[in-house]
Amino acid sequence: MQHVSPIREPLVTGGKTYHDITNDVCRQVEAKPNARWAAALAVSLVGLAIFIYSCYRTLWYGIGEWGLNKTVGWAWDITNFVWWVGIGHAGTLISAILLLFRQKWRTSINRAAEAMTIFAVICAAMFPVLHMGRPWLAYWVLPLPNTFGSLWVNFNSPLLWDVFAISTYFSVSLVFWYIGLIPDFATIRDRATGPIARRAYSVLSFGWTGSAKAWSRYETVSLILAGLATPLVLSVHTIVSFDFATSVIPGWHTTIFPPYFVAGAIFSGFAMVLTLMIITRKTFHLEHYITLEHVESMNKVIILTGSIVGIAYTTEFFIAWYSGVEYEQYAFINRAFGPYWWAYWSMMTCNVITPQLFWFRKIRRSLTATFIISIFVNIGMWFERFVIIVTSLHRDYLPSSWAMFSPTMIDIGVYVGTIGLFFTLFFLFAKFFPVVNMAEVKAILKSSSGVKHHPHKTMHGTEKELNTNPHHSNE
Amino acid sequence: MNKKFVLGIYDDEDVLLSAIENIRAAGTKIYDVFSPYPVHGIDDVLGIKRSRLPIVAFFCGLFGTSFALWMQIWMLGFDWPMIIGGKPHIALPSFIPVTFELTVLCAAFGMVITFFIVSKLKPSLRVNVFDKRSTDDKFVMAIEIKEGVTDLSALNNLLRSNGAIEVNEKEVIK
């Protein structure tokens with residue numbers, strides 16, 4: 001038993017029992033798909049169709065289908081790549097870093113957040129692979145023995161580091177997520193009535209029985225995986241920022257990039273978690289598990305990371321002036337007051353100003369306000385990457401090669417398409433997988449539900465402290 | 001060979017923990033305990049030793065580090081040296097990111113695969129659980145019955161006096 005401060009609000013409300021948790025989470029897995037879910041899936045399948053069509057155009061006719069030109073050789077593709085990878089980071093932060101910090105509020109949101117990580121990384125990976133132009137040769141990025149050209153890959157290149165970082169991140173996140181799913185699959189298996197469901201979830205549950213020894217190992221594995229995933233998630237966005245920071249383009253060549261990108265990634269990721277969780281809790285009636293307390297905690301992370309991002313924007317500007325480098329100074333003046341001023345000020349408004357509204361407790365605890373602000377942050381963080389990438393490239397050292405970038409329909413199609421792909425995967429996950437980690441929520445139920453338990457005998461004597469929670473009277 | 005078990009069903013983790021302590025103190029050997037979630041403190045009362053999986057993770061990670069360094073140094077330093085950006089052939093600082101990623105990859109996969117093997121977890125169509133409620137809301141304590149040795153009514157009393165809400169018998173066909 002752990003000690004819980006009496007001023008903490010309960011994390012599971014509504015006086016739930018262990019069996020209620022199982023019922024509430026398994027309900028949508030076992031029930032027939034409802035109309036709202038089918039409609040939502042249909043909309044995302046339209047998005048997926050747009051994705052497939054745009055990929056076909058890109059691959060059949062080549063990268064010329066995109067709006068890139070000789071000056072702006074990287075635009076929406078890498079913007080979307082960084083945006084998606086960043087979104088993924090919140091899942092790992094919730095499941096790994098908050099586990100190391102023993103934050104109990106992570107338990108009911110970590111499953112969906114990790115799923116979001118995995119799907120976001122899948123979407124992110126589409127962009128570099130498509131930009132290769134010949135994705136069937138994607139294996140050339142691996143150091144394989146071969147007979148063409150310069151024999152081995154270039155280990156000095158940040159783009160190659162990206163290959164290792166993203167693929168490690170994806171596979172470790174997938175394993176971490178799956179380990180957590182195994183006990184919950186066992187729960188669904190033991191409740192399953194149909195033969196297909198029973199067999200399918202038997203296979204998925206890896207024969208889990210929940211024996212004490214297995215749980216002991218499970219906990220060790222989770223802790224070590226969290227310890228490995230924590231530096232991993234920081235390394236991934238650091239390496240993504242190296243794609244820019246190691247080049248000699250004014251506006252990119254800065255040492256502030258790694259921490260600034262990591263903070264931005266967590267910022268955008270939490271915004272996406274909030275967007276998804278506010279919808280999910282409503283659709284699947286999980287209000288007792290994903291409470292206002294959870295939303296408020298996530299909003300606090302958004303204020304913190306949003307402010308870090310704001311400081312980074314200001315620091316960049318200051319350093320550009322302080323460096324005395326003419327090109328660097330021009331790059332920043334051009335960002336804020338050049339032809340892409342609207343992108344810069346959209347970024348500033350969405351990322352620096354709107355999250356500050358969360359200083360008000362009322363706004364932090366309002367679902368509508370949180371949902372709207374989370375959308376603003378998602379948009380703002382997309383603009384951040386667009387501003388960094390396109391405004392730094394479009395006016396380089398030679399004014400004769402200055403150009404503007406405008407996306408084609410295919411650019412837009414690939415981007416909108418990945419959103420379709422993401423939501424298709426997310427809705428399938430929400431239907432067939434338990435969206436809340438039942439085992440972990442059950443583990444915190446006794447200490448964090450705010451409900452009096454009447455055990456026949458109390459062993460560790462902490463029961464009295466638990467029952468001093470002032471919120472009990474509300475239950 | 002068929003094995004017979006007595007199953008004590010509990011519905012509270014604290015009752016379970018004290019029951020385990022008392023039953024083990026009474027000299028009865030507990031075969032296993034099944035719970036819907038990890039019960040903290042159960043390792044101590046059941047006498048489960050600390051898992052050595054972190055050691056596995058450490059050595060797999062060490063293998064990843066050495067393999068990554070060897071691979072990069074051999075490929076770019078010896079097998080096909082090229083001058084890239086005026087850097088030395090063996091440019092250690094730029095080998096760090098890949099080395100770090102492979103360390104994490106090997107440590108995580110090595111540990112998880114070992115976990116699956118030692119816990120005998122593998123995809124299977126049929127899974128035998130003692131009591132299906134142990135993945136939902138009940139804690140199940142299994143005690144093996146040895147023919148002619150185990151006194152069933154005494155065991156029943158022992159389990160019930162320690163808070164079991166139900167005591168069942170179960171035969172497992174091996």
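Biologist: How many residues of chain A are in contact with chain B, and what makes two residues count as being in contact?

Modeller: There are 60 residues of chain A in contact with 61 residues of chain B. The test is that two C-beta atoms, placed from the backbone, lie within 7 Å. Keep in mind that this is a predicted model, where local features need pLDDT of at least 70, side-chain atom pairs count only at pLDDT 80 or more, and totals for chains, interfaces and linings use all residues. As for labels, residues are numbered from 1 along each chain as its sequence is written, while chains are lettered from A and ligands numbered from 1 in the order in which they are written.

Biologist: Which elements of chain A give two or more residues to the side that touches chain B?

Modeller: Helix H1 (18-30), H5, H6, helix H7 (212-245) and helix H15 (438-448) of chain A. H7(A) gives the most, with 16 residues. By class, this side of chain A has 29 nonpolar, 21 polar and ten charged residues. Here Ala, Val, Leu, Ile, Met, Phe, Trp, Tyr, Cys and Pro count as nonpolar, Asp, Glu, Lys and Arg as charged, and the others, Gly among them, as polar.

Biologist: Okay, H5(A) and H6(A). Why are they called roughly antiparallel or oblique?

Modeller: Helix H5 (residues 158-191) of chain A and helix H6 (residues 195-204) of chain A pack at about 160°, with their axes 8 Å apart. An axis is a line fitted to C-alpha atoms, for helices over the stretch in contact, and the angle runs from 0 to 180 degrees between N-to-C directions. Under 35 degrees is roughly parallel, over 145 roughly antiparallel, 65 to 115 roughly perpendicular, and the rest oblique. So H5(A) is roughly antiparallel to H6(A). The contact is made by A:Phe185, A:Ile188 and A:Arg189 of H5(A) with A:Arg198, A:Tyr201, A:Ser202 and A:Leu204 of H6(A). That's four nonpolar, one polar and two charged residues.

Biologist: And what makes a crossing left-handed or right-handed?

Modeller: It's left-handed if the near helix is turned anticlockwise from the far one by less than a right angle, and right-handed if clockwise. The crossing of H5(A) and H6(A) is left-handed.

Biologist: What makes chain B more spread out than a compact globule?

Modeller: Its radius of gyration, taken over C-alpha atoms, is set against the globule rule, 2.2 Å times the number of residues to the power 0.38. For 174 residues the rule gives 16 Å, but chain B has 26 Å, well over that, so chain B is more spread out. Its C-alpha trace spans about 85 × 30 × 30 Å along its principal axes.

Biologist: Where are the domains of chain B?

Modeller: Domain 1 is 3-49 + 126-172 and domain 2 is 53-118, with bounds from an automatic or database domain assignment. Their C-alpha centres lie 46 Å apart.

Methods. Helices (H or I, at least four residues) and strands (E, at least two) are DSSP runs, numbered from the N terminus.
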